[in-house]
Amino acid sequence: MNRLVRARKAPRDLAVRARMVQLSWSGQRAPAIADTLGCSAKTVRCWLHRFNCRGIAGLEDLGGQGRKRRITEQDRSRIIALVKTLPPGRLRWEPVGELWAPDELGPAEWTLSTLAAAAQAEGIQVGRSQVRRILLAEGVRWRRPRSWTRSADPDFAPKGRGSSACTPTRRPAPRSSAPTNSVR
């Protein structure tokens, strides 16, 4: 127990719990141990009870706590892979030089709603907000920003430079100190 208290590589929580047991063995009561370690007496009693029942293994955290994932890692990977595919309504060039879309009624750009619908069509039970959380966690962009600013047309002339960053901002008008409402 003393080695666990002094261990530099042991998890901090485990070392604190071992210190609780060590202080208990030295004759201190739960309220005094709680004051020494900066926790509640109820916490000290809980860990001492677990140590008495299970030994040193009782000082470790129990696994499997919290809500289980509703979507598997494989399904998450399929959603991320779906973003990298071309949307079914996106126009493509045929080899003969004509434009066509695999699904003319399908989305031309991926949005959260169209990604959720496509994932549901593949059998993945996922909602729009969950798709958003998955993509944000992976750092994936799910749409092209400002698609109107670029073109594959060789004659396309982009707009000029944007406005200057040093354009002065308009200062707000000073507030009147006189009351504006009258209650009579």
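Helices here are DSSP runs of H or I with at least four residues, strands are runs of E with at least two, and both are numbered from the N terminus. With that in place, look at the end of α7: the next residue is Gly 139, and its phi is positive, near 70 degrees.

A word on what you are looking at. This is a predicted model, where local features need pLDDT of at least 70, side-chain atom pairs count only at pLDDT 80 or more, and totals for chains, interfaces and linings use all residues. Residues are numbered from 1 along each chain as its sequence is written, and side-chain values use heavy atoms, with hydrogens and water left out.

Now the overview. The chain has seven helices and two strands. The order from the N terminus is α-α-α-α-α-β-β-α-α. There are 184 residues, and 25% of them count as buried. Buried means under 20% relative accessible area, exposed means over 50%, and partly exposed is in between, with a 1.4 Å probe and protein chains only. The accessible surface of the chain comes to about 14800 Å², and 51% of that belongs to carbon and sulfur atoms. Those areas come from the Shrake-Rupley method with a 1.4 Å probe; for residues, only the protein chains shown count as cover. A contact means heavy atoms within 4.5 Å. Take the contacts between residues at least 6 apart in sequence: 39% of them join residues at least 24 apart.

Back to α7, residues 128-138. Which residues of this helix are buried? They are Gln 130, Val 131, Ile 134 and Leu 135. They sit on the same side of α7, because they cover an arc of only 135 degrees around the axis. The arc is taken from the directions from the helix axis to the C-beta atoms. In general, an α-helix has 3.6 residues a turn, so residues three or four places apart point the same way. The cover over the buried residues of α7 includes α5 (73-84) and α6. On the face turned away from the buried side, you find the exposed residues Arg 133 and Ala 137.

Next, charges. Side chains of opposite charge can pair when their charged atoms come close. The cut-off for a salt bridge is a side-chain nitrogen of Lys or Arg within 4 Å of a carboxyl oxygen of Asp or Glu. How many salt bridges does the whole structure have? The search finds five.

Start with Asp 61 and Arg 17, whose side chains meet at 3.0 Å, N to O. Asp 61 is in the loop between α4 (41-54) and α5, and Arg 17 is in helix α2, so the pair ties together parts that are 44 residues apart in sequence. Buried or exposed? Arg 17 is buried, at 9% relative accessibility. Asp 61 is exposed, at 52%. Beyond four places in sequence, Arg 17 touches Trp 47, Leu 59, Glu 60 and Asp 61.

Then Glu 122 and Arg 78, with the closest N and O atoms 3.6 Å apart. This pair also links distant parts of the chain: Glu 122 is in the loop between α6 and α7, Arg 78 is in helix α5, and they are 44 residues apart. Glu 122 is partly exposed at 42%. Arg 78 is partly exposed at 30%.

Arg 76 and Glu 73 make a local pair, at 3.7 Å between the closest N and O atoms. They are three residues apart in helix α5, so about one helical turn separates them. Arg 76 is buried at 14%, while Glu 73 is partly exposed at 49%. Arg 69 joins Glu 73 and Arg 76 in a network of salt bridges.

Back to helix α2 (residues 12-25), which also holds Leu 23. Leu 23 is buried at 6% relative accessibility. Setting aside residues up to four places away, Leu 23 touches Gln 28, Ile 33, Thr 36 and Leu 37. From Leu 23 to Thr 36 is 13 residues in sequence and 9.4 Å in space, C-alpha to C-alpha.

Last, cysteines. The whole structure has zero disulfides, where a disulfide is a pair of cysteine sulfur atoms within 2.5 Å. Cys 39 is partly exposed at 27%. Cys 46 is partly exposed at 40%.
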